[in-house]
Amino acid sequence: MTRKLDGSKLVIATHNAGKLREISALLAPFGVDCVSAGELGLPEPEETGTTFVENALLKAHAAAKAAGLPALADDSGLSVTALGGRPGVYTADWTERQWFEAEPGKDYKGRDWYLAMGKVEGLLCEKGPDVDRSCRFSCTLAIAWPEGDEAVYEGRVDGTFSWPPRGTMGFGYDPVFVPQGRNQTFAELGLEEKKSMSHRADAFAKLVADQFPDTP
Ligand SMILES: O=c1nc[nH]c2c1ncn2[C@H]1C[C@H](O)[C@@H](COP(=O)(O)OP(=O)(O)OP(=O)(O)O)O1
Ligand SMILES: [Mg+2]
């Protein structure tokens with residue numbers, strides 16, 4: 001049995017504004033009192049894990065310890081079948097560092113998504129016109145308590161990497177991800193629709209079943 005949230009304040013342990021918006025919207029119906037890592041001025045831990053679970057736990061425990069409160073972290077990424085699952089757990093690293101060959105002192109975080117998405121498209125094009133464009137978003141949500149307890153919930157959504165980017169809503173790779181069974185990208189579908197079908201929503205449904213089982 002995992003430990004349950006008991007009404008104390010919950011830290012949303014992310015420095016990504018897009019994720020914070022989505023997690024806040026998902027939590028809204030449950031009356032959880034939330035504060036973000038940014039509002040508390042918490043540092044951003046280095047993501048040294050090699051799996052979504054490891055990184056989500058690392059971020060949740062770091063925030064819970066620093067704040068003295070339970071903390072919810074999200075580690076997520078896009079895995080492209082024809083690229084052997086890349087960029088996967090390294091999605092943020094690729095976009096922030098490796099692909100832009102560090103101009104010293106320049107902070108790429110949260111910017112130049114068009115370049116990052118273009119890099120994936122370039123790698124796919126190298127494989128020829130009939131390349132398999134299937135891909136998957138994964139999301140692991142981890143809750144950690146200052147005393148060391150933890151809970152983990154994993155979600156995913158299958159889809160297609162679509163080019164060129166379409167839509168202006170959402171964040172990150174949303175403009176190139178078309179979920180299975182739809183024709184529009186996450187960036188065209190917007191928050192309400194994404195909330196019902198995303199990798200984050202899938203993980204969150206498992207969190208709700210475990211943490212708030214009595215909610216209708
Ligand atoms: O729904 C999504 N829609 C579009 N893109 C997404 C999504 N979910 C994850 N992604 C991409 C963005 C980021 O490049 C990477 C996550 O990296 P990840 O380390 O988990 O997050 P992050 O560094 O941006 O924020 P933080 O660690 O503070 O939560 O995957
Ligand atoms: Mg990160």
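Which strand gives the most to the shell around ligand 1?

Analyst: Strand 3 gives the most to that shell, with five residues. Some ground rules come before the detail. This is a predicted model, in which local features need pLDDT of at least 70 and side-chain atom pairs count only at pLDDT 80 or more, while totals for chains, interfaces and linings use all residues. Residues are numbered from 1 along each chain as its sequence is written, and chains are lettered from A and ligands numbered from 1 in the order in which they are written.

The shell around ligand 1 holds 24 residues, and the closest are T14, N16, S76, A92 and G172. A residue counts as near the ligand if its C-beta atom, placed from the backbone, lies within 6 Å of it. The elements that give two or more residues to this shell are strand 3 and helix 3 (91-96). Helices (H or I, at least four residues) and strands (E, at least two) are DSSP runs, numbered from the N terminus.

In the loop between strand 3 and helix 3 sits P87. The peptide bond that joins R86 and P87 is cis, with omega about -10°. A cis bond is also found from W163 to P164, with omega near 5°, and P164 lies in the loop between strand 5 and strand 6.

That loop between strand 5 and strand 6 (177-179) also holds Y173. Y173 is buried, because 24 other C-beta atoms lie within 10 Å; the cut-offs are 20 or more for buried, 12 or fewer for exposed, and partly exposed in between, with C-beta atoms placed from the backbone. Leaving aside neighbours within four places in sequence, Y173 is in contact with L78 and M117, a contact being two C-beta atoms, placed from the backbone, within 7 Å. The C-alpha atoms of Y173 and A116 are separated by 8.5 Å, although the two residues are 57 apart along the chain.

Strand 3 (71-80) also belongs to what covers the buried residues of helix 6, along with helix 1 (17-27), strand 4 (134-144) and strand 5 (150-161), among others. Those buried residues are H199, R200, A203, F204 and L207. Seen down the axis of helix 6, they fall within an arc of 120°, so they line one face of the helix; the arc is that of the directions from the helix axis to the C-beta atoms. Helix 6 (residues 199-211) has 13 residues, which should span 18 Å at 1.5 Å a residue, and its end C-alpha atoms are 18 Å apart, which agrees. The expected span is 1.5 Å times one less than the number of residues.

Of its 216 residues, 34% count as buried. The mean pLDDT, the predictor's confidence in each residue from 0 to 100, is 92, and 92% of the residues reach 70 or more. The model scores ipTM 0.99 and pTM 0.94.
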